[in-house]
Structures are given as C-alpha cells and as structure tokens.
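Open the model in your viewer and keep the sequence beside it. This tour moves from one pair of side chains to the next.

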Amino acid sequence: MAEAVVGIQPKILVWARETAGYSLEEVAQKLKRDPADIADWETGRSAPTYAQLERLAYELYKRPLAIFFFPEPPQKQEFQPDFPAISDGELEKLSPDVRYLLRLGYATYLQLKQHHGDEILTLPNAMNALSNLLDEELDHENRC
C-alpha cells in the first residue's frame, strides 16, 4: 500500500482547489475517492499518496508539485481581469480548463510586457480576442 506524503500543507490543497475552480465533490469524483477523503487531506487529518498528489498537481490544479509544500499559499495575485469582458462573478462560473488557460495567458502577457515594456499592447487590448471565446464559454455554461 502506498504511503501518504509527509509535509503537504492542507491550506495549499484548499487554495489550489479553489483557485482551479473545483468543488470538493468534483475533485473526489475525478480521483474516484470519497469526498470525506479529500476533506481529510484539506484539514490535515490525512494526506494523499505521491501518485494522488501528482494527479492533483498536474492533471487537476495545473500547479507545480513543490507548491504543495510551501508554508503559505503564494501571495502573487491570480489572474484578475482588468477589462470589461469578464466580471468578478463570471470568472467564478468558468470551467477549470478555461481558468487555467486564462492564468497561462496572463502569465505569458506579463512575460512579454517585462521583455517589451510599454511596446506591448495593454492587457485589455491583448485579451480582447479572448473575450469572444469567453462569451461563448459563458453562454455554454449557462445553457448547461
């Protein structure tokens, strides 16, 4: 039987799940575990095995494995739209995959801006092309 990983920070598990856009029940379903098991991991009563942690990190939450051993969740602010295409409430309705893509796009934008300074388009303009895709995603989410 595989052993539980020692040193995982429960509050990081909660942070990663919530910022990825999953409910506790959705994570349990994807891992084929009882929701009480996931709740136990998130409260520190037990911990996932290494294989389970890898699935959480790479497949579900799309985070580096090492982050689960940090003492606190990262202070770096997650993607926060500063353009009118997405309101705060709509961001929470997006699927985990779309949230990940937004995070990835935002990180790419920040890297480009760092290398090119003010020559790069503003975030609202750079993300304008995404707004149509997001509208489609929101329409699809609302219909389901």
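Start by selecting R55 and E59. Both lie in helix α4, four residues apart, about one turn of the helix. Helices here are DSSP runs (H or I, at least four residues), numbered from the N terminus; strands are runs of E, at least two.

Before going further, note that this is a predicted model: local features need pLDDT of at least 70, side-chain atom pairs count only at pLDDT 80 or more, and totals for chains, interfaces and linings use all residues. Residues are numbered from 1 along each chain as its sequence is written, and side-chain values use heavy atoms, with hydrogens and water left out.

**Stop 1**

Show the side chains of R55 and E59. They form a salt bridge, with the closest N and O atoms 3.1 Å apart. The term means a side-chain nitrogen of Lys or Arg within 4 Å of a carboxyl oxygen of Asp or Glu. Side chains of opposite charge can pair when their charged atoms come close.

How many salt bridges does the structure hold? It holds five. Two others follow.

**Stop 2: from a helix to a loop**

Select K11 and E72. Their side chains meet in a salt bridge, 2.9 Å from N to O. K11 sits in helix α1 (residues 10-20), while E72 is in the loop between α4 (50-60) and α5 (88-93), so the pair ties together parts 61 residues apart in sequence. K11 is partly exposed, with a relative accessible area of 39%. E72 is also partly exposed, at 43%.

**Stop 3: between two helices**

Now select E42 and R17. A salt bridge joins their side chains, at 2.6 Å from N to O. E42 belongs to helix α3 (residues 35-43) and R17 to helix α1, so this pair links parts 25 residues apart in sequence. Both E42 and R17 are buried. For R17, the relative accessible area is 10%.

**Stop 4: around R17**

Stay on R17 and show its surroundings. Which residues does R17 contact, leaving aside neighbours within four places in sequence? They are Y22, S23, L24, V27, E42 and Y61. Contact means heavy atoms within 4.5 Å.

Technical notes. Buried < 20%, exposed > 50% of the residue type's maximum accessible area, 1.4 Å probe, protein only.
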